[in-house]
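Here's a quick walk through some backbone details, helix packing and a chain contact. Have the structure open as you read.

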Amino acid sequence: MGEGQKMSTSHLLKRADFIFKSDNDWEDVLKKNLNRTANELINELISSELKGRGGAGFPTGLKWKISSEIKADEKFVICNADEGEPGTFKDREILSRVPFKVLTAIAVCAYVIGAKKGFIYLRGEYFFLKDNLQSAIDEFERYCRKIGFDFSISIFMGSGAYICGEETALFESMEGKRGEPRNKPPFPSSSGYMNKPTVINNVETLAHTYTIFKYGSKRFYDLGVQFSRGTKLFSVSGDTPKPGIYELELGMSLVDFVEEFGDDDTKAVQVGGASGFLVPRKRFPETTIGFQGRLVGISLPTGGSMMLFNSSRSMYNVLDNYLNFFAEESCGQCTPCRVGCQQLLKGIKAVKRGEKNAAYLDKLLKLAETMTYTAKCGLGQSVANSFSSIVENFREEMIY
Amino acid sequence: MNAIEESRVNTTVIDEIISRHKGKPGELLTVMEEIQEASEYKFLDDDAMEYLSSSIKVPLSQIYGVATFYSFFNLKPQGKNSIIVCRGTACHTKGSKILLDDLSLLPGCKEAFDSGESSFTTEDKLITVKTVACFGQCALAPVVAVNGVIYSNVTSEQIKKLLQNLKEDNKDENLRLS
Amino acid sequence: MEKRIKITINGETKEVSPGTSILDAANQSGVIIPTLCYHKDLCVAGNCRVCVIEIAGQKRLAAACATPCEDGMEVLTNTLKVRNARKHIIELLLSEHNADCTSCYRNGNCELQKLASDYKIMTQDFLDLVPFRNYTIDNFSPSIIKDDSKCIRCQRCVRTCAELQSVNALTMSYKGEHAQITTFFEKSMNDVVCTNCGQCVNHCPTGALTERNYIEDVWSALADKEKFVIVQTAPAVRVGLGEELGFDPGERVTGKMVSALKRLGFHAVMDTDFTADLTIMEEGSELLRRLKEVIVEKRGDVKLPMATSCSPGWIKFIEHLYPDFLNHLSSCKSPQQMFGALVKTYYAKAKKIDPSKIVSVSIMPCTAKKFEAARPEMRDSGFRDVDYVLTTRELAIMIKQAGIDFLRLPDMHFDRLMGESTGAGVIFGATGGVMEAALRTAYELVTGREVPFKNLNITPVRGMEGLKEASIKIDNPLKEWSFLEGVQLKCAVAHGLANAKIVMDTIKKGDADYHFVEFMACPGGCLGGGGQPIPTNPEIRKRRALAIYAEDVGMPLRKSHQNPEIIKIYKDFLGKPLGEKSHKLLHTTYIKRSSF
């Protein structure tokens, strides 16, 4: 940790304005970048240190690189717009306000890896975005044809399943099947949609690549802190006087965040949606929002959902809501997630009703750990996060 | 039930939908959605699924597995009007449960939800009440969609008024939350 | 040289080829990793998570079945973390499982129960989730009972029904806490495309899918002084039964089985192999007749290839999924049903027993036979031809219940009149066996000479290849068959309904130039039947097949037409193959069924 202590670990809340800036220069950005070599573009991304903004935080440049190096007759780029995490609504805003940035990024990615076909997997609940997005695609494709770039993009509408935000479940869904996550390996970069090399990126990640391709990697890299470079969109909701979407530099402290967005009565913040962690007030100072690296204190990766709770809220009710959600929305194929969620949900109810003693919560905490270690997919591995963090910090609310 | 029996999607419509999507990726889900859309009561009946299965050579059990997996597919006839309440955390925190309780005053509704059903349709097929995991409109919680239009910061009074309007007259302008 | 990669398992270095799963690598090194959703017959699902192991440097545990070895990987299979996680997973599975073991049909042979025992799950900490569910038991099928309260959602049955059988009667439906294995709209197994093959039963790790058992009915019949209870045993039973009663797979227990049946109190113990030989006479004659009708008479209404009709799972499959091709099926009943029809006519007459007093029981490696026996067409004797069908497993249960020390039983012979058989009848139990038996007889009938294969072993149709082909050129036929001069008789063998589907699709397209095709519903043929001992897997099927062919070689007679009891029944009762009596008792018709 010695090295880390010398570095600045967090900074005051800094707003940024890249993603929603309406700069209407996508045609230039596209043309300019299609004239660069794939390697240049990959290196640009790698040196920006952009990490996936869907929540998992895989380095985006590396993802593109792997797919670009695999030989295949067909490759795909998929924009993951299955934004289903409760408390997250940034992708909806991006697609409705700056669709061309995302389309440009998809096209550049396709150029880098050698794909001719891109998809936007749009969450079914966002049906109202579809028509405008389709007209944007039509215009975009016209331009591609004009500049002689052979590429097309289709919208694929989801049919209402949270789990399809998981990339391999999303592929299954696109292939007309139940959205049940696959075993990894193989990873999508080598075997994704239709078992072809596929780059799948979150909407926001792609929007950031636009920033990087437009301004260069340095501009992006200089924002944020070590291991967590650049900016990020945050969906702020709950007990806040100003709910909405904000672009902020990564690495901010939760104290500063609550200072800005809280209602002076903030009791806890759920970071990262239902599958994220609850941070109680006493731990705000030691918590920074970014990707896990050797930062001091707790660093939380996040898909961007920040839900504030004030002292009028029962954390038991919040947890009950999360667990109900997961018990329903787990795909149900693997044991730890399918049965574990039911046990956690029914377990806290049983404790609340006095049918199980308080020590049963400790058994459930151990179970939560097992769920994290053993579930088949990334979502299954994170369903118990909210349980653990709420029970550890608000145990008394679970019991009384 | 007879009206529903008669309203089943006819096979020429299904053929047309299939031919429009033939060979496209994820054909099955898209086709199923459109067949459901084409049905008067917005649901997938067993005949339609059987016909689809034999037309596109996808096992019927697989179609059923898919239909039950995704929340968009209905296996029962739906009401003329749909009211969807978001039960995401933000909406839940901001009182979506109260809105759902208001709707549960519809005869039979409470019983249906208590027995684990995820949707309820009134006997006269006028209203279907459903919940959704999250609309992604958390900044505007609580959120309710009525006939596909999303309304924010919905109050109990609005819901009660809507129910009354639905019962008393069916004029379109009164079927909104405002 | 193939590239090899090095991994360590619990500290011991091991070289494996790339792509090897951690589970296989561990097994090769003598390290046992428990599994549940894994089955050697099926693709890897990685669902149950029982096989989780630790990989050095990774925080999360990995499923050994679904994770390929990587060079330099350090695998740990027995750490505290692994044991705790595994125990949790077993406890979770038990919490959604109706763990009323003492009243479960699979008590004593349940994979979940074994895991619970191995890991000594002494108390159930977690809440019992079963009461929260509205579980149903589907017991409408004459073959299979589906009890959802025992299901642990491993999806082995779903994969079996799809991958091995291409039937797709079962699916995973709903999601999350509601996820369950169902048919279309949760209909009964009896009302869907299910072929009753029982492969799902054989692949189910728990008691969620079991055969409908008729053990008590048979005990009652045996106790009824008024009744004369006759039993027939299918060829594959004798190479499987031993596994349930203390023998290793591949042990032939024919003589002990006969002794055991006698001790159970059956009045006559006879052999389905006898009617297997009879099937060859009828089916072989039918094939030759069809060849004549097509080649000489140029009849367009007669179809080739002719398909065998011994396997009731296959019959229901073609009735459901290829209803326009039923005229390819041989009209011969299966050996079980030929036997049933003859027991209450020929045998009853010869032994002067009132057929209404006869209870006809069959021991089959098969669950589809239960359905077959219940088909309304199967009453040509004037009674239900076969009253009760028991699987190999059910027979083993009766033997145990009767307190018979199977290992120490003397060998005994089948009773006469319908108990004599040849090696040709025995090999009906293996894939390719019907074809081989038919060729041994048909070739000789046509040419007057033995089939041109060393020791009568027609090896091209043997083995576990999913699709097998063979052709025999007919030279110098007897005068009656001169139209076959120079004809290449082309045959194919398919086992497992997924392979049957491949052949049927070729026939449908008009691309198949076969004359004769053997279809068996189950992988490996009857020896891998849905009613055989659990587990059945590729290795065990191979061993049972070896036993079948060893039994064949050991028989004094190896061609159906040499069976003296066959010669006798044609002389005393049937007249000739395809004759009037045969037509009435030994042949049947088929029904078009819905493809759902």
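A:Glu49 sits in the loop that runs between α3 (38–48) and α4 (60–69) of chain A. Keep in mind that this is a predicted model. The residue to look at here is A:Glu49, with a positive phi of about 60° even though it is not a glycine. Is A:Glu49 buried or exposed? With 20 other C-beta atoms within 10 Å, A:Glu49 is buried, because 20 or more is what it takes to count as such.

Chain B has a residue of this kind too: B:Lys42 is not a glycine, yet its phi is positive, at about 50°. You'll find B:Lys42 in the loop between α3 (27–38) and α4 (46–56) of chain B. B:Lys42 has 17 other C-beta atoms within 10 Å, so it counts as partly exposed.

Next up, cis peptide bonds. In chain A, one joins A:Pro185 and A:Pro186, with omega at about 0°. A:Pro186 belongs to the loop between α8 (167–174) and β4 (198–202) of chain A. In chain C, a cis peptide bond links C:Leu304 to C:Pro305, and omega there is about -5°. C:Pro305 is part of the loop between α9 (272–295) and β13 (306–307) of chain C.

## Helix packing

Two packed helices are described by the angle between their axes and the distance between the axes. Here are those values for a pair in chain A and a pair in chain B.

| Helix pair | Angle | Axis distance |
|---|---|---|
| α5 (residues 90–97) and α9 (residues 203–215) of chain A | about 50° | 9 Å |
| α7 (residues 96–103) and α9 (residues 156–168) of chain B | about 20° | 9 Å |

Take the chain A pair: its angle of about 50° makes α5(A) oblique to α9(A). On the α5(A) side, A:Lys90, A:Asp91, A:Ile94 and A:Leu95 meet A:Val203, A:Glu204 and A:Ala207 of α9(A). Sorted by class, that contact holds 4 nonpolar and 3 charged residues, with no polar ones.

How do α7(B) and α9(B) lie to each other? They are roughly parallel, because their angle of about 20° is under the 35 degrees that sets the limit. α7(B) passes α9(B) in a right-handed crossing. From α7(B), the residues B:Ile98, B:Leu99, B:Asp102 and B:Leu103 meet B:Ser156, B:Ile159 and B:Lys160 in α9(B). This contact of α7(B) with α9(B) is made up of 4 nonpolar, 1 polar and 2 charged residues.

## Where chains C and A touch

How many residues does each chain bring to the contact between chain C and chain A? Chain C puts in 28 residues and chain A puts in 29 residues. On the side of chain C that touches chain A, helix α2 (residues 80–95) of chain C gives the most, with 7 residues. By class, that side of chain C has 15 nonpolar, 6 polar and 7 charged residues.

Chain A has a mean pLDDT of 92, and 95% of its residues reach 70 or more. Residues 1–9 of chain A are another story, with pLDDT below 50; this stretch has 15 contacts in the model beyond near neighbours in sequence. Where pLDDT is low, the predicted coordinates should not be read in detail.

Terms used. Residues are numbered from 1 along each chain as its sequence is written. Chains are lettered from A and ligands numbered from 1 in the order in which they are written. This is a predicted model: local features need pLDDT of at least 70, side-chain atom pairs count only at pLDDT 80 or more; totals for chains, interfaces and linings use all residues. Two residues are in contact if their C-beta atoms, placed from the backbone, lie within 7 Å. Helices (H or I, at least four residues) and strands (E, at least two) are DSSP runs, numbered from the N terminus. Ala, Val, Leu, Ile, Met, Phe, Trp, Tyr, Cys and Pro count as nonpolar, Asp, Glu, Lys and Arg as charged, and the others, Gly among them, as polar. pLDDT is the predictor's confidence in each residue, from 0 to 100. Axes are lines fitted to C-alpha atoms, for helices over the stretch in contact, and angles run from 0 to 180 degrees between N-to-C directions. Angles under 35 degrees count as roughly parallel, over 145 as roughly antiparallel, 65 to 115 as roughly perpendicular and the rest as oblique. A crossing is left-handed if the near helix is turned anticlockwise from the far one by less than a right angle, and right-handed if clockwise. A residue is buried if 20 or more other C-beta atoms lie within 10 Å of its own, exposed if 12 or fewer, and partly exposed in between; C-beta atoms are placed from the backbone.
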